[in-house]
Amino acid sequence: MALDQSFVGRTYPPTPPYEVGREKIREFAEAVGDTNPVYFDAEAAKALGHSDVIAPPTFVFSIAFKAAGQVVQDPQLGLDYSRVVHGDQKFAYTRPVRAGDRLTVTSTIEAIKSLAGNDVLDIRGEVHDESGEHVVTAWIKLVARAAEEA
């Protein structure tokens, strides 16, 4: 069953703040195999003008994806999450994510399409710090695969 087009433009409440820790940044950088010293060493980050270590660019995906859960779990939308695969992601940064940031994400359904029986859902997450400064916009594309014919 196709998703309801009237949900395009719907915005969900901001998430509770997520506090970005040095250890989480280090663990993420190690997991993705990125050895850039600005992810591990505060002095290296400061030498490049940052106040503390910064996070790799895709770090914010985990925060934005969790926030997109509000959309995915909205019973009125009717998305069958058991059929969902991750289609794409992209980011537009105002500034890097830093250790010590307290970030909130506001998710908006940007588009709903039906392609070959599959539902394609585009969710935009606006990420702000506790002062309200925009940090990054994250786009997540989810594809709900069509049910197999009997």
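This is a predicted model: local features need pLDDT of at least 70, side-chain atom pairs count only at pLDDT 80 or more; totals for chains, interfaces and linings use all residues.
Reader: What should I know about the model first?
Author: Local features need pLDDT of at least 70 and side-chain atom pairs count only at pLDDT 80 or more, while totals for chains, interfaces and linings use all residues. Residues are numbered from 1 along each chain as its sequence is written, and side-chain values use heavy atoms, with hydrogens and water left out.

Reader: What makes β1 and β2 edge strands?
Author: Strands are DSSP runs of E with at least two residues, numbered from the N terminus, and helices are runs of H or I with at least four. Two strands pair if DSSP finds at least two bridges between them. The open antiparallel sheet has the order β1-β3-β4-β5-β2, and β1 (18-19) and β2 (84-93) each pair on one side only.

Reader: How do you know that β2 pairs with β5?
Author: Nine bridges join β2 to β5 (residues 134-144), and the definition asks for at least two, so they pair. One example is H86, whose bridge partner in β5 is L142.

Reader: Why is A116 called exposed?
Author: Exposed means over 50% relative accessible area, buried under 20%, and partly exposed in between (1.4 Å probe, protein chains only). A116 has 79% relative accessibility, so this residue counts as exposed. A116 sits in the loop between β3 and β4 (118-128) and has a positive phi of about 55°, although it is not a glycine.

Reader: What does I25 touch, with contact meaning heavy atoms within 4.5 Å?
Author: Leaving out residues up to four places away in sequence, the partners of I25 include V20, Y39, F59 and R98.

Terms used. Contact means heavy atoms within 4.5 Å.
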